[in-house]
Amino acid sequence: MNDQKFFDRCAQKLSGALSPEQESKFSIDLEKDPERKEAYHAFEKQWETSGKLKLRYEANPQLAWEKFSELKFDHKPITVRWIHFATRLAAMVLLTIGLGFLIREFGKTEPYHYATFEGETKWVVLPDSSRIKLNESTLLTVASDFNAKERNVSLKGEAFFEISRDESKPFIIHAEGARTQVLGTSFNIRAVEEEPKVEIYVISGKVSFAANEAELILTHGMAANFDKSLDLLALETNQDNALAWHSNALVFKDSPLHQVFADLQDYFEVEIFIANDNIKNCRFTGEFKKPKLEEILKVIAITTGTTHTENKNGYTIQGEGCSPAQ
């Protein structure tokens with residue numbers, strides 16, 4: 001039995017499409033192959049988590065199986081920073097099946113869901129030809145009536161948007177209490193559940209960034225954030241590395257070291273502790289393509305007179321630092 005047939009049999013078994021004789025043979029085959037038996041039980045749990053919705057099964061089974069076979073079954077926990085357990089499983093179902101949507105038993109179309117796990121990024125193309133690149137640990141939900149009167153999506157995580165222009169159907173992103181509306185443009189939104197702010201950076205076009213009754217109109221090169229705890233919108237400066245995860249490059253232009261280390265923390269997902277506040281006043285210029293943290297810290301050490309020490313929690317930066325006027 002090849003992989004495609006095995007995947008088909010799993011779907012047929014769970015949907016009740018197998019005859020008693022076929023079910024019996026399928027069970028015997030699973031007992032002979034522990035690896036596939038474990039894979040089937042994992043898929044069964046995901047199927048149940050999806051709410052036992054009926055599937056309009058027109059996907060490429062081989063492609064779906066390839067997605068499913070990438071999952072690990074060694075019982076080691078996978079850490080995803082923000083996705084709750086149930087959400088993670090639902091996202092896994094969608095990735096496994098390879099579809100963008102499910103159909104309820106009474107025929108109502110559900111929203112499309114796209115998800116990435118830790119260490120994974122991917123492009124998504126929507127029905128209106130808009131392109132969205134999802135950063136790791138991100139969930140994008142596309143409304144079931146997308147492209148009817150409006151183009152509504154919701155975001156948890158971080159994504160880079162290239163939106164096809166359609167003046168009759170605004171594209172609206174709902175993200176952690178903030179609402180972004182565009183007609184056609186490119187921009188980046190970071191809306192991580194555990195982080196205090198939703199951040200946006202505009203590359204081209206015009207964007208409406210709003211929360212409750214407040215609104216900011218942003219154009220090329222502008223950035224803003226929404227503070228979730230203060231319920232406050234504010235413009236931002238110094239967003240040279242807002243797209244670092246997308247471009248795989250870090251750029252610093254006479255940047256204060258506190259901003260440099262903040263960008264390094266975000267990009268490399270590591271803690272950096274500054275032992276002396278005067279270090280924050282030092283400034284640094286540099287550009288790094290396909291950056292490596294150790295190399296950047298060495299260059300910073302040479303140009304600013306600092307030293308760095310690695311520990312179990314990350315890195316500690318030490319040195320005399322610079323005066324505020326420097």
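Which residue stands opposite Ile-317 in β18? His-308 does. Ile-274 also stands opposite Ile-317.

## The model

This is a predicted model, in which local features need pLDDT of at least 70 and side-chain atom pairs count only at pLDDT 80 or more, while totals for chains, interfaces and linings use all residues. Residues are numbered from 1 along each chain as its sequence is written, and side-chain values use heavy atoms, with hydrogens and water left out.

The protein has eight helices and 18 strands. Both are DSSP runs numbered from the N terminus: helices are H or I with at least four residues, and strands are E with at least two. Of the 326 residues, 44% count as buried (buried means under 20% relative accessible area, exposed over 50%, partly exposed in between, with a 1.4 Å probe and protein chains only). Among contacts with a separation of 6 or more, 49% are between residues 24 or more positions apart (contact means heavy atoms within 4.5 Å).

## A three-stranded sheet

An open sheet is formed by three strands in the order β15-β18-β17, with mixed pairing. Its edges are β15 (271-274) and β17 (307-311); each has a single partner strand, so one side of each has no neighbour in the sheet. On average, neighbouring strands are turned by 25° against each other, direction ignored. Axes are lines fitted to C-alpha atoms, for helices over the stretch in contact, and angles run from 0 to 180 degrees between N-to-C directions.

Strands of a sheet pair through backbone hydrogen bonds, either parallel or antiparallel. Here two strands count as paired if DSSP finds at least two bridges between them. β15 and β18 run parallel and are joined by four bridges. β17 pairs with β18 (residues 314-318) in the antiparallel sense over five bridges, and a hairpin of two residues joins β17 to β18. In this pair, Thr-307 stands opposite Gln-318.

## Around the sheet

Four of the five residues of β18 are buried, so the strand is largely enclosed by the rest of the structure. Helix α7 lies across β15 and β18, and runs at about 160° to β15.

Ala-301 belongs to helix α8 (residues 293-304). With a relative accessible area of 18%, Ala-301 is buried. Ala-301 and Ile-317 are 16 residues apart in sequence, and their C-alpha atoms are 9.1 Å apart in space.

## The largest pocket

The largest pocket holds about 820 Å³ of space. On a 1 Å grid over the protein atoms alone, a cavity is a set of points where a 1.4 Å probe fits but cannot get out, and a pocket is an open set with protein on both sides within 12 Å along at least five of seven lines; lining residues have an atom within 4 Å of a point. Grid points are joined across faces, edges and corners, and a volume is the space filled by probe spheres set on the points.

The lining of the largest pocket has 36 residues, and Glu-158, Arg-190, Glu-199, Asp-266 and Tyr-267 lie nearest the centre. At least two lining residues come from each of β5 (151-162), β8 (186-191), β9 (197-204), α6 (244-247) and α7 (257-268). The most come from α7, which gives five. By class, the lining has 11 nonpolar, 12 polar and 13 charged residues (Ala, Val, Leu, Ile, Met, Phe, Trp, Tyr, Cys and Pro count as nonpolar, Asp, Glu, Lys and Arg as charged, and the others, Gly among them, as polar).
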